[in-house]
Amino acid sequence: MSVEQTARDDHTAQLDDLALRVLAFEAHAWQQPGVKAAGIRDEFDMSAARYYRILGELIDSPAALRHDPMLVKRLQRLRDARAATRARRSLSNGRTLD
């Protein structure tokens, strides 16, 4: 086994089976939210809300970033864009952000 493979295995070892499955699931291109929600229920036997809480914590994990940097960075950008959209929407409705 090469040094690179050993290092990659060490980083992946920090992620549990659920984390690895979530990252693999997120790597799929989901076009319809309803289909993805059904997939979450089928694959993980959990609610979409719980899945997204797990995903949110996972994409902030250095181990996940080392495991699949392109995917994790893409998910972080999507999350940041959604947060910015929510903030603009809140400001345009006259509410302030605390």
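1. The largest pocket of this predicted model has a volume of about 420 Å³. A pocket is here an open set of points on a 1 Å grid over the protein atoms alone, where a 1.4 Å probe fits, with protein on both sides within 12 Å along at least five of seven lines; lining residues have an atom within 4 Å of a point. Points are joined across faces, edges and corners, and the volume is the space filled by probe spheres set on them.

2. The lining of this pocket comprises 19 residues, and those closest to its centre are Glu26, Lys36, Tyr52, Leu78 and Arg82. Two or more lining residues come from each of α3 (33-44), α4 (48-58) and α6 (69-92), with α6 giving the largest share, 5 residues. By class, the lining holds 10 nonpolar, 4 polar and 5 charged residues, where Ala, Val, Leu, Ile, Met, Phe, Trp, Tyr, Cys and Pro are nonpolar, Asp, Glu, Lys and Arg charged, and the others, Gly among them, polar.

3. The chain has 6 helices and 0 strands, in the order α-α-α-α-α-α along the sequence. These elements are DSSP runs, numbered from the N terminus (helices: H or I, at least four residues; strands: E, at least two).

4. Helix α6 has 24 residues and spans 34 Å from its first C-alpha to its last, close to the expected 34 Å at 1.5 Å a residue; the expectation is 1.5 Å times one less than the number of residues. Leu71, Val72, Leu75, Gln76 and Ser90 of α6 are buried (under 20% relative accessible area; exposed is over 50%, partly exposed in between; 1.4 Å probe, protein chains only). The buried residues of α6 pack against α2 (17-26), α4 and α5 (62-67), a contact being heavy atoms within 4.5 Å.

5. Leu65 lies in helix α5 and is partly exposed, at 29% relative accessible area. Leaving aside residues up to four places away in sequence, Leu65 touches Val72 and Lys73.

6. Asp45 sits in the loop between α3 and α4. The phi of Asp45 is near 55°, a positive value in a residue other than glycine; most residues other than glycine have a negative phi. Asp45 is exposed, with a relative accessible area of 69%.

7. Of the 98 residues in the chain, 24% are buried. The accessible surface is about 7,000 Å², 54% of it belonging to carbon and sulfur atoms (Shrake-Rupley method, 1.4 Å probe; for residues, only the protein chains shown count as cover). Among contacts between residues at least 6 apart in sequence, 46% join residues at least 24 apart.

8. As to conventions, residues are numbered from 1 along each chain as its sequence is written. In this predicted model, local features need pLDDT of at least 70 and side-chain atom pairs count only at pLDDT 80 or more, while totals for chains, interfaces and linings use all residues; side-chain values use heavy atoms, with hydrogens and water left out.
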